[in-house]
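Take a look at the model below.

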Amino acid sequence: MVKCDVRYTELTLPSESDMPLVNAFTVDVEDYFHVAALASAVSRESWPTRESRVERNTERLLTLLADKRVRGTFFVLGWVAERCPALLRQVVREGHEIACHGYSHQLIYRQSQDEFREETRRAKDILEQAVGQPVLGYRAASFSITRESLWALDVLIDLGFEYDSSIFPIHHDRYGIPGASPRIGPVSAPSGRTLVEFPMNAASFLGLRVPVSGGGYFRIFPYSLIRAGLRQINRRAGQPFMFYLHPWELDPEQPRIRVGMLSRFRHYTNLHRCERRLSTLLEDFSFAPAAEILREQGALRGAMESTSRKMNVA
Ligand SMILES: [Zn+2]
């Protein structure tokens, strides 16, 4: 077995064990046809001709977040940012953080280092021009920073990112670094330089590692299991969890794409229940943007325009 060379130095966490921890709420802003699970049936060339629903679905999510007075981080695809710059400005106006989800949702380990560098630089430039702020955070398409693509961490450092949130410390057919640290902290790139990692989470039930970070897991598993898993990370591990969702997960009316049974199950299960379930989650836990949590912990190096201003919504 290949030894995982992803190492973290643990950061100091608040000592008040009974104080509710503030967790990261994040959204991967992409359309239903960008998803890796559907990629075998959707060519990239067909994207511009498909019905785009990302803007209205993101607005739906923004309305729910405003209603619950929750702010978060929006990892936006460059392809979407190019077409909807006003949406990004609305996200910032409502007190959220903008971060980068790459340009065209390609899996990193299927790209050359040069391709990845160019596509990520392009996405970061588009996002920063749209919102007039530095973009500090990155999340790979389908969490595709794996053992084979750890070189991507060096590219992210070169491009000026300060944190990454792409490593899923589980086994999965498309992503995951089993054995990687589940804790927030600096991760070593192959060059020896470090970047802060805010990893995805798995809880432990009867000796089994169960992913509870969001997305398909959030829709497919019973909510009581998700809630117990997230509480376990807060209470037993004593650390904030990372939660993620996609705007298309609140859209049961989205056009159906014909794919295999496993992909259909992952993409379409319980879409009609997701918004209500999310509403409950937002009441059960406290949330903030990822950069704000990392800044509170002293994990981010550079100064950035503060996202810690109070939410200013009706
Ligand atoms: Zn994505």
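In helix H5 (residues 151–158), the buried residues are Ala152, Leu153, Val155 and Leu156. Buried means that 20 or more other C-beta atoms, placed from the backbone, lie within 10 Å of the residue's own; exposed means 12 or fewer, and partly exposed is in between. Helices (H or I, at least four residues) and strands (E, at least two) are DSSP runs numbered from the N terminus. Seen down the axis of H5, the buried residues fall within an arc of 160°, so they line one face of the helix. The arc is taken over the directions from the helix axis to the C-beta atoms. Their cover includes helix H4 (113–131) and strands E4 (137–138), E5 (163–164), E6 (185–188) and E7 (194–197).

This is a predicted model: local features need pLDDT of at least 70 and side-chain atom pairs count only at pLDDT 80 or more, while totals for chains, interfaces and linings use all residues. Residues are numbered from 1 along each chain as its sequence is written.

Helix H1 (residues 54–68) has buried residues too: Val54, Asn57, Thr58, Leu61, Leu62 and Leu65. They cover an arc of only 145° around the axis, which puts them on the same side of H1. Thr63 and Asp67, on the other side of H1, are exposed.

Terms used. Two residues are in contact if their C-beta atoms, placed from the backbone, lie within 7 Å.
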